[in-house]
Amino acid sequence: MRSLPGLTALFVVLTMSGAGAAEEWEKVAGGDVAIKARKRADIPGGREVWAEGHLDVSIQDVQSALRDHESFRHWMPYVTESKVVSHEPDGRVTYTQLDFPIISNRDYVLRVVDEELLAADGTGQFRQRWFSQGKALPERTGVVRLYHNEGSWHFTPAGESRVRFVYRFTVEPGGSIPGFLAGVGQKDAVMDTVRAVEKRARKLATERASVR
């Protein structure tokens with residue numbers, strides 16, 4: 001189990017929201033990963049979040065990691081269930097459940113679209129976008145369904161085994177969140193996800209090298 005600061009990070013992510021009426025951007029963190037957020041006037045407690053920076057991994061391994069939704073439960077923070085529900089002409093429908101202490105579990109159903117993939121020789125960019133498909137599956141007893149969840153990843157090469165990324169997302173809190181958790185851990189929540197992707201990409205690179 002994570003310490004309380006780590007747990008609050010994810011709870012704050014659940015109060016962040018995306019496109020629409022918004023105020024001025026506020027800087028949350030700088031350095032190798034810059035994070036900014038702004039309030040959403042049309043969503044109580046909502047925030048739009050933007051993170052960008054560089055990771056010392058190959059773009060091929062990042063693409064492989066983020067296209068394998070089935071494996072998210074093994075390495076993505078707080079994810080205990082992840083599966084592909086169906087494959088569609090313009091993407092795939094996925095299901096994800098998040099497990100927290102203190103508050104009820106959350107889940108969401110998404111349509112994930114790979115808008116741009118690398119060329120066969122590994123060149124190019126990787127763009128992935130997701131949209132809520134919350135009504136595609138019935139709600140589960142004891143789990144709070146998140147019906148507003150959309151976002152995107154955009155990766156571009158930045159040298160050998162190095163990428164630049166932009167990560168944006170919007171999601172609702174769903175249900176009730178204890179008041180003492182509000183406003184805590186915003187930076188940690190985003191960094192948990194970014195570092196998890198980086199770690200997974202490095203693991204895939206090691207696995208590729210071992211079979212050569």
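Predicted model: local features only at pLDDT ≥ 70, side-chain atom pairs only at ≥ 80, totals over all residues.
Biologist: Which side chain does arginine 164 meet in a salt bridge?

Modeller: A salt bridge needs a side-chain nitrogen of Lys or Arg within 4 Å of a carboxyl oxygen of Asp or Glu. For arginine 164 the partner is glutamate 52, at 2.3 Å from N to O. Because arginine 164 lies in strand 10 (residues 163-171) and glutamate 52 in strand 3 (residues 47-55), the pair ties together parts that are 112 residues apart in sequence. Glutamate 52 is itself partly exposed, with a relative accessible area of 24%. Helices (H or I, at least four residues) and strands (E, at least two) are DSSP runs, numbered from the N terminus.

Biologist: How many salt bridges does a search of the whole structure find?

Modeller: The search finds 14. Among them is the pair of aspartate 114 and arginine 67, whose closest N and O atoms are 2.8 Å apart. This pair links distant parts of the chain, with aspartate 114 in strand 6 (residues 105-116) and arginine 67 in helix 2 (residues 59-67), 47 residues apart. Aspartate 114 is buried at a relative accessible area of 18%, whereas arginine 67, at 39%, is partly exposed. Another salt bridge joins arginine 111 to aspartate 90, with the closest N and O atoms 3.0 Å apart. Arginine 111 lies in strand 6 and aspartate 90 in the loop between strand 4 (79-88) and strand 5 (91-98), so the pair ties together parts that are 21 residues apart in sequence. Salt bridges that share partners also join Asp32, Arg195, Glu198 and Arg202 into one network.

Biologist: How many aromatic pairs does the structure hold, then?

Modeller: The structure holds eight. Rings of Phe, Tyr and Trp (its six-membered ring) pair if their centres lie within 6.5 Å, and planes under 30 degrees apart count as stacked, over 60 as edge-to-face and the rest as tilted. Tryptophan 153 and phenylalanine 155 have ring centres 5.3 Å apart and planes at 20°, so the pair is stacked. For tyrosine 167 and phenylalanine 169 the centres are 5.1 Å apart and the planes at 35°, so that pair is tilted. Tryptophan 153 and phenylalanine 155 are both buried, as are tyrosine 167 and phenylalanine 169.

Biologist: Leaving aside its neighbours within four places in sequence, which residues is threonine 193 in contact with?

Modeller: Contact means heavy atoms within 4.5 Å. With those neighbours left aside, threonine 193 is in contact with Met76, Pro77, Trp153 and Tyr167. Threonine 193 is found in helix 4 (residues 186-210), and with a relative accessible area of 15% this residue is buried.

Biologist: What share of the residues of the protein count as buried?

Modeller: Of the 212 residues, 47% count as buried, in a protein that has four helices and ten strands.

Terms used: Residues numbered from 1 in each chain as written. Heavy atoms only, no water. Buried < 20%, exposed > 50% of the residue type's maximum accessible area, 1.4 Å probe, protein only.
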